[in-house]
Each structure stands twice: as C-alpha cells, then as structure tokens.
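Trainee: I should like to go through this structure by question and answer. May we begin once it is displayed?

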Amino acid sequence: MKKFITKMKDPQQRKLFYAMFGAKLIGAGLCLALAFGVSMFLGSNSKVHAQAATTTASAPAAATPAPAAAAAPAAAPAAAPDPAYCSPINTMWVLVTAFLVFFMQAGFMFLEAGFARTRETVNVLLEGIVDTCLCGVLFWAFGFAWMFGAGDGLHGLIGNQYYFLHNIPDTYGSTGVATLAFFLFQFAFADTCSTITSGAMLGRTGFWGDLWYSIGVSGFLYPIFGHWAWGPDGWLNNLHPAAFHDFAGSTVVHTIGGMIALAGAIVLGPRLGRKFKRDGGGPMPYHNMTVASVGAVILWFGWYGFNPGSTLSAMDFMGVARVATNTTLAACTGGLAALFFVYPRNKKWDCGATLNGLLAGLVAITCPCYWVSPLGALCLGAVAGVVVILATDLLEYLRIDDPCGAWPVHGAAGIWGTWSLGLFATGEFGASTTTGADNSAGSVVTGLFYGGGWNQFFGQVIGNAAIGGSVFVCAMILMYAVKATGTLRISKEGELEGLDLHEHGGSAYPELEAALAERNADAGVKAMS
C-alpha cells in the first residue's frame, strides 16, 4: 500500500495508472457485452433443445444415460414417470447432499493447510475460498451448459445449451429433480475437482497463477471432459460392447483433478529446499497434523453427500443405503491398508499416510459404489490404500513435488477405482429412477469376478484413459501458458519469505511469528555480547 501511494505521487505513474485502469474497465465492459450477446444468440438455440433434452437427458451426476445406479426392488417401476414431473422429496434429497458436498471445501482447506508449511497457510485458505467463488460464476455462465447441455451435432464432445441458466426446464432430463437443484449439486462437484489441483501446487504458486489456472480448470477442462461421461449425449455412454460407467466421479472428478494436479506439479517444479529420497532427503514435514486429520474426517463426512447423493433419488432407499455403506467400508480398509503397508519401512505408525489411505479408499469407491457389494468395497478400498503409497513413492522417485499427495490420492486411486468396477460389479444392480431402482436384466452392470467377462473392464479402461490422457495433455498446455505470463510461480524471494507475508500481507499465526522474531533477536544480542 505504501509503495502504491508513493507511486501515485508521481504524475507519470499516476497517468499510467489511470490509463491502465480505464483500459481494464473498457475490457470488462466488452466482456460483459460479449457474454450478453452470446446468451441472446444462443438463447433461441437453447429453446429448440430444451424439450429434446427433457426427454433424452439421463441420470446424471454420477451416472451415464445408461445404468446410472440401482437398488432394492428387483422389479423395474411399473410406469415411466412424466419427464416434466418434479419430485419434491428427490429435489430436497439432492439439495441436502449438495450442501454436504459443498462442505467438503472446508475439509480440503483443513487438509491442505495441515499438510502445508506454516508460512503458506493463509494462501491455502484464501485459494480455496476464491476458487469456490470463481467456480460458481463460471459454472453458471457456461460450465453447466458445456457439461450437461445437449450438444446436437457435436458428436458427444461438448454441450450447447443452458448458458447462464437461460431457458432451463423445470426438471433436469428424466430425473424428476428441479434443474436448479441439479445445478447446485453439480457446482459442488466442479468445485471439488478444481480444489484438488491446488494440493499439488501449494507453497510456490503465485496467487495470480492460482486464479488463471482455476479459471481454466473450472471453466473449461472439467465441464468439457466431464461431458464425455455425464453429458446427456456424451460419447462414452455409447461405447461398445460395454458403456463406460462412473457413478459419482472416480474419473470425472478425481482422475481429472489428479491429472491436472500432476501437470501443475511438473510445470512448477519442486519447492525450494525440497530434497528427494534418492538424493538423501525426504518429504518436508507437515505443519499441523491436527488440522489435517480433522480435514480428512470432514471430507469423509462430505462423501456421504458425494456418493449417496448421486442416486438423485431418495426413493431408491436401498441403493442409497448400499452406497453409503460401501463408501464407509472402502474408507476403512483404505486407511488400514496404508497404515500397515507403511509401518515396516521405519517401524512408525504414519498419520499422514493413513489419512491419504482413507481418502484413496473414498476416491476409489466413488465410481463403483452403486454396483458392488460390501465385500467388494472392502477389497477395492484395501487395494486403493496400497496404490496411494506406491504412487507417492513413484512421484518421489521421479522428483515431482506433490505436498498433499493430490495425484496419488485422486489420480492413481481414481484410475484404480474406475477400473475396479469392471472387476467387482455384482450383476445385481442397474440404475436409480425417480421412484426406486431399475434392476431389469438390460440395465445391470456385471464385472469380471462375477461372470461378466472382460467387456465392462475394457469399457472402464477406455473411458478412463480417454478422459485422463486428454485432460493431462490439455492441463500441461494450460500450465505452460500460465507460466508464460510469469504468474505461475512466485519469485525466489517471495517463496523464501513465505506466501502468506509476500502475497497476503499477514501470517495465519502472527503471535507465533512475533515470538520467533523476538527469540531470534534475543539470540542475536547474546551472540554479540
């Protein structure tokens, strides 16, 4: 602030400031005019699509138009509900679970702040808040349109209706859920994906860089590639011989977020002073395991909105119960597997590894949670707990600095979870509907271990590889583009000073900083005497 005031006293600097400020105002005005023009132009197109989407859009958040999720009553509903009918109980169910998913942001902020260093805590917290605000605006403007709008003639690659939530139908597709409730639920998912990225990039990313890549993730990468699996006409829904399935987002949310995080960590490079194991070092110590542990448990709690809410139907009560139980069991075995897998290395019980293990179990079960049994959930969660440790070892060997383990937890475990559906799906469950479950023979999902052959497994691998690989390539381009602006990585001086002081003007622990400064001053006086 002092520097700004000093510059404003200089007539030349003042003139330059007014010129730049005026140019920015003009640019903002042009952007608003363009947005208004686009909405008017596409509004008529949206009207044409609205009725078609009402009858063709399928169940959603965590499912494809093909079998989305299923439960209980073995018989399919007697009659298909009116697509225009809005179910009050299902709409309220989706809203409540949307609130749970949104609360996961608090878990991410706690977890990442705990895994970060003291001097970058404020940066982690503010990045999470601002990222949420950006995501909300971008998803309203065009993210939801690209992800969940129908894209006639665009070959299932991107949606093309509902820009700025204009001309939306009362209910989304055949879900019976109010479209605005569905939008809110999906916004919370989009926000989760974009927050994952920051876990691998904390400690050395400039705040301008955070803003730029967040716009790229929330506004473009997530909705476009998410449409491939969850859009009403996404091309992965029509894979043969088995359509790709992702009930609540092991691929759409977690693999996408994990691959973007990996790209960001690679382009940024390691933090100053980070010495890897093969060079005689190891991970930097976490600053507050209390905060990190509470964050992980909050995330676990939020997952009860993430997975059960993806049924989009409170009437599918058996399906909701099964999904919630499977979610719990996978988290339990994931945490235990990581704990015991790491113990022989140094004969220590590692809290950080256990936290990432239980999160890996949650990530893995997110895709198959509707179609597997509790035993399958236990097994695939345990594998995820080992996968996350091996993936962490791989990053350490490759000298890639990922402070929170964003790629091992979300990328590697997300890949495994998506594939696991092709192995553990029991062949008993099909899809959720507004009135219950559709477990008819044509909609059930069956994996290799239950006599379904390799078809579903190959469908899962193809869909996961298509989305994950494409996202990684685009994320590398995005990160290098942001790097070219000079805003991605903070200066060496700023990193040494700490992001909190350098970027935000204050520490999360001012009393601690003052005590350390006083202690250092006393030590200096004693040394001089």
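Trainee: In which helix does phenylalanine 102 lie?

Mentor: This is a predicted model, in which local features need pLDDT of at least 70, side-chain atom pairs count only at pLDDT 80 or more, and totals for chains, interfaces and linings use all residues. Residues are numbered from 1 along each chain as its sequence is written, and side-chain values use heavy atoms, with hydrogens and water left out. Helices are DSSP runs of H or I with at least four residues, strands are runs of E with at least two, and both are numbered from the N terminus. Phenylalanine 102 lies in residues 88-115, helix H3.

Trainee: Is phenylalanine 102 buried, partly exposed or exposed?

Mentor: Buried means under 20% relative accessible area, exposed means over 50%, and partly exposed lies in between (1.4 Å probe, protein chains only). Phenylalanine 102 has a relative accessible area of 40%, so this residue is partly exposed.

Trainee: Which residues does phenylalanine 102 contact, leaving aside neighbours within four places in sequence?

Mentor: Contact means heavy atoms within 4.5 Å. With those neighbours left aside, the partners of phenylalanine 102 are Thr132, Phe187, Ala188 and Asp191.

Trainee: How far apart in space are phenylalanine 102 and glycine 305?

Mentor: In sequence, 203 residues separate phenylalanine 102 from glycine 305. From C-alpha to C-alpha, their distance in space is 8.9 Å.

Trainee: How far apart are the end C-alpha atoms of helix H12?

Mentor: The expected span of a helix is 1.5 Å times one less than its number of residues. Helix H12 (residues 406-424) has 19 residues and therefore should span 27 Å. The computed separation of its end C-alpha atoms agrees with this, at 25 Å.

Trainee: At which residue does H12 bend?

Mentor: The bend at a residue is the angle between axes fitted to the seven residues ending there and the seven starting there. For H12 this angle is about 30°, at glycine 414.

Trainee: How many of the residues of H12 are buried?

Mentor: H12 is mostly covered. Of its 19 residues, the buried ones number 17.
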